[in-house]
Amino acid sequence: MNENTREAAAGHWEELERHADDLAGTRICELFADDPQRARRHSLRLNGLVLDYSKQLFVSRTLELLLGLARERDLPAWIERLFTGKQVNCTEHRPALHTALRAPTDSTVTVDGVNIMSQVQRERIRMRLFVNQLHRGEYRGCTGRVITDVVNIGVGGSDLGAVMATEALAPYRTNAIQMHYVSSIDGVHVTDVLERVNPKTTLFIISSKSFTTLDTMTNARTVRDWFLRHVDDETALETHFLGVSANDQAMAGFGIPEQNRYRIWDWVGGRYSISSAVGLPLAIAIGMEHFESMLAGFHAMDRHFRQAPLDANMPVLLALLGVWYRNFLGATGHVVLPYDHRLHRFPAYLQQLEMESNGKRVTRDGEPVSWRTCPLVFGEVGPNAQHSFYQLLHQGTPLVTADFLAPVHGSAEYPRHHDLALANCFAQSRALMEGQSAEQAATALRAQGLSEEEIARTVPHKVHEGNRPSSTLLFQRLDPHTLGMLIALYEHKVFVQGVIWQVNSFDQWGVELGKQLAKELLPAVTGEQVPAGLDASTRELLGYVRQCRR
């Protein structure tokens, strides 16, 4: 960004700060009263997906300034860089081409002069052949019995996406093969899974981009040892273990034969990798036809993001309104609230996507940021969250923005239940916006026959400030195509916010320090050696562990 552009961007930022002061005291309800068409004007539709962002505090001038800021931060050019293989991951000198994983096979995407789509297509064909072979019962275990269970061993981006999507798309799963996921290093997770499977009819997928991640490889070695205790034949490993990684040599060293190694590339970030071979367990769960339908949903949103004007672009508008609330209106958190239990892992998936991508303190140039970046992201299935943390959303002191997600047609066979869920979804977003005044609370209490003295004591506790922002995403039903669109929507929202905040959304150095220190501390935990220079707290905690184990 040259100096003139930098100054212009600073001007938009400062103008937004002044504009936020001008809107102080304005209520969202007033904006609806002034403009009966507000909901229609501030909603977008794409392939059955509806985004209503009208219940947020903004006017036309707000959007003009936010879009101006996006253009001054060179957002259209950054979008093209993302899709055309430029090095958007500046600290690791890589492109971030997850969009190529779901592009049509006749596309051309070039990295270092090579069209990578032939590589993408080759791995997808291999996945399809294997999944179909498995489903037909042609791929069998070492004793000739069909595979009944698949265990995916991974963590983070090699686990969260596949777990989330497998749960979300449960109605599309084949019942012939049971899916299991192991991620936690604490030993409980792998123990619980191994107690439920038969080694002679189980396929294990080790998913790790580097094939060196401590959590994943510790679990993988434990599983391999367990397998060999039950199947005293090392050659059986070649039948029961698959690998997904960018490190072919490490997969070979583990004992995975070439035909069972699936490739990902360094231009695929872990948290963006579900549409690669990292999604193999999902493809096994739902079948390749449904997996490719999800890829088509991804691509539909990719195409919209790349081609739609900024002022009619779903990811762009979601991102800019998030910036508006985070940087100019003081929001500290963002909550994701799906009103379909199938999406119960979606908030956890977005926690990694958003906070690992944009939880940064320096710009792409390595300079400390002077603005707030990613908010705290959390969430839960809406009907359950109403009975836990909604209290804070309605009456707490932090300002939290909210996304409500709901299908028009529920996933279950009891439509009355989903009608109630939808009613609650709409009621909660309305309550956040409208709130309840002291006068309204007093009127309701009088109708209950309370005395004026009791009303005066109770009213302060009944007041809801309101003016709390939310967006609502509605879709026809939760199917593979829609899930792909939803994931891509949030991926691109995160990218846009990274561009505005001038951070690298594709590295995650913040997760490395803890891993490094854990390796240094392992000998102290096992009682072999306590490293010098430990802080007093860690030293005392280690002492307590040693005392208990003695």
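Q: What counts as a pocket here?
A: A pocket is an open set of grid points with protein on both sides within 12 Å along at least five of seven lines. Keep in mind that this is a predicted model.

Q: How much space lies in the largest pocket?
A: About 910 Å³.

Q: And which residues lie nearest its centre?
A: Ser210, Thr213, Gln508, Glu512 and Lys515. The lining of the largest pocket has 36 residues.

Q: Which helices supply at least two residues of that lining?
A: α9 (214-230), α15 (346-358) and α22 (512-525) each do.

Q: How does the lining split by class?
A: The largest pocket is lined by 15 polar, 11 nonpolar and 10 charged residues.

Q: What volume does the second largest pocket have?
A: About 420 Å³. The second largest pocket is lined by 21 residues, and closest to its centre are Asp340, His341, Ser411, Ala412 and His418.

Q: Which element gives the largest share of that lining?
A: α18, with five residues. By class, the second largest pocket has nine nonpolar, eight polar and four charged residues in its lining.

Q: New topic: backbone angles. What is the phi of Asn47?
A: About 50°, a positive value, although Asn47 is not a glycine. Asn47 sits in the loop between β1 (43-46) and β2 (49-52).

Q: Where is Asp74?
A: In the loop between α4 (60-72) and α5 (75-83). Asp74 is not a glycine either, and its phi is positive, near 70°.

Q: Why does Asp74 count as partly exposed?
A: Because its relative accessibility is 33%. Partly exposed lies between buried, under 20%, and exposed, over 50%.

Conventions:
Residues numbered from 1 in each chain as written. Predicted model: local features only at pLDDT ≥ 70, side-chain atom pairs only at ≥ 80, totals over all residues. Heavy atoms only, no water. Helix = DSSP H or I, 4+ residues; strand = E, 2+ residues; numbered from the N terminus. Buried < 20%, exposed > 50% of the residue type's maximum accessible area, 1.4 Å probe, protein only. 1 Å grid on protein atoms, 1.4 Å probe; cavity = no way out; pocket = protein on both sides within 12 Å on 5 of 7 lines; lining within 4 Å. Points joined across faces, edges and corners; volume = space filled by probe spheres on them. Nonpolar A, V, L, I, M, F, W, Y, C, P; charged D, E, K, R; others polar.
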